[in-house]
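Subject: Structure handover

Hello,

Here is the structure we talked about handing over. Please open it first, then read the notes below it.

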Amino acid sequence: ELFGIQSYRIEDMSGNVIEKESSFGERISFGSQMFLNIPLNEISSGKYKLVIEQFVSEKKADQPLGIHGNWVCEFEY
């Protein structure tokens, strides 16, 4: 019924971790859009990678189901 991002990290192009977030709380209904607001005001401009390490799915009365992987989206700031 609900789907969300459980953990992600921001890396520079050399693989250095700039920011890491676990237990990200926002969950959405399947079929909805999710916007991930990441504070970038403390990093300098350049090319980076958003790496999502785990999604989570939840259904009423069931344990959350973690979906582990390594999804990468490059972006420029």
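**What turned up**

K20 is exposed, with a relative accessible area of 51%. Here buried means under 20% relative accessible area, exposed means over 50%, and partly exposed is in between, using a 1.4 Å probe and protein chains only.

Two notes on how to read this. This is a predicted model, with residues numbered from 1 along each chain as its sequence is written. Local features need pLDDT of at least 70, side-chain atom pairs count only at pLDDT 80 or more, totals for chains, interfaces and linings use all residues, and side-chain values use heavy atoms, with hydrogens and water left out.

**Salt bridges**

The cut-off is a side-chain nitrogen of Lys or Arg within 4 Å of a carboxyl oxygen of Asp or Glu. By this rule there are four salt bridges. R9, E11, K20, K49 and E53 are linked in a network of them.

Start with K20. K20 forms a salt bridge with E53, and the closest N and O atoms are 3.4 Å apart. K20 lies in strand β2 and E53 in strand β4, so this pair ties together parts that are 33 residues apart in sequence. Strands are DSSP runs of E with at least two residues, numbered from the N terminus. E53 counts as buried, at 16% relative accessibility.

E53 also forms a salt bridge with R9, with the closest N and O atoms 2.3 Å apart. E53 lies in strand β4 and R9 in strand β1, so the pair ties together parts that are 44 residues apart in sequence. R9 is buried, with a relative accessible area of 16%.

R9 forms a salt bridge with E11 as well, the closest N and O atoms being 2.6 Å apart. E11 is buried too, with a relative accessible area of 9%.

**Strand β1 and its partners**

Which strands pair with β1? Strands β2, β3 and β4 do. Two strands pair if DSSP finds at least two bridges between them.

- Ten bridges join β1 to β4, and the two run antiparallel. L2 stands opposite E58 in β4.
- Five bridges join β1 to β2 (residues 17–22), also antiparallel. The bridge partner of E11 in β2 is V17.
- Three bridges join β1 to β3 (residues 27–29), again antiparallel. L2 stands opposite S29 in β3.

The hairpin of β1 and β2 has four residues between the strands. In this hairpin, G15 takes a positive phi near 95°.

Is β1 enclosed or open? Nine of the eleven residues of β1 are buried, so β1 is largely enclosed by the rest of the structure.

**The core**

The largest nonpolar core has nine residues: I5, Y8, I10, L40, I43, Y48, L50, I52 and F55. Such a core is a set of buried Ala, Val, Leu, Ile, Met, Phe, Trp, Tyr and Cys residues joined through side-chain atoms within 4.5 Å. The elements that give two or more residues to this core are β1 (2–12) and β4 (47–58). β4 gives the most, with four residues. In soluble globular proteins, nonpolar side chains tend to be buried together.

L50 is worth a click. Leaving out residues up to four places away in sequence, L50 touches Y8, R9, I10, L36, I38, W71, V72, C73 and F75. Contact means heavy atoms within 4.5 Å.

**Aromatic pairs**

Rings of Phe, Tyr and Trp (its six-membered ring) pair if their centres lie within 6.5 Å; planes under 30 degrees apart count as stacked, over 60 as edge-to-face and the rest as tilted. The structure holds three aromatic pairs. One of them is F3 with F55, which is stacked: 5.2 Å centre to centre, with 15° between the planes. F3 lies in strand β1 and F55 in strand β4, so the pair ties together parts that are 52 residues apart in sequence. F3 counts as partly exposed, at 25% relative accessibility. F55 counts as buried, at 16%.

The rings of F55 and W71 have their centres 4.9 Å apart and their planes at 70°, so this pair is edge-to-face. F55 lies in strand β4 and W71 in strand β5 (residues 65–76), so the pair ties together parts that are 16 residues apart in sequence. W71 is partly exposed, with a relative accessible area of 36%. F3, F55 and W71 form one aromatic cluster.

Best wishes
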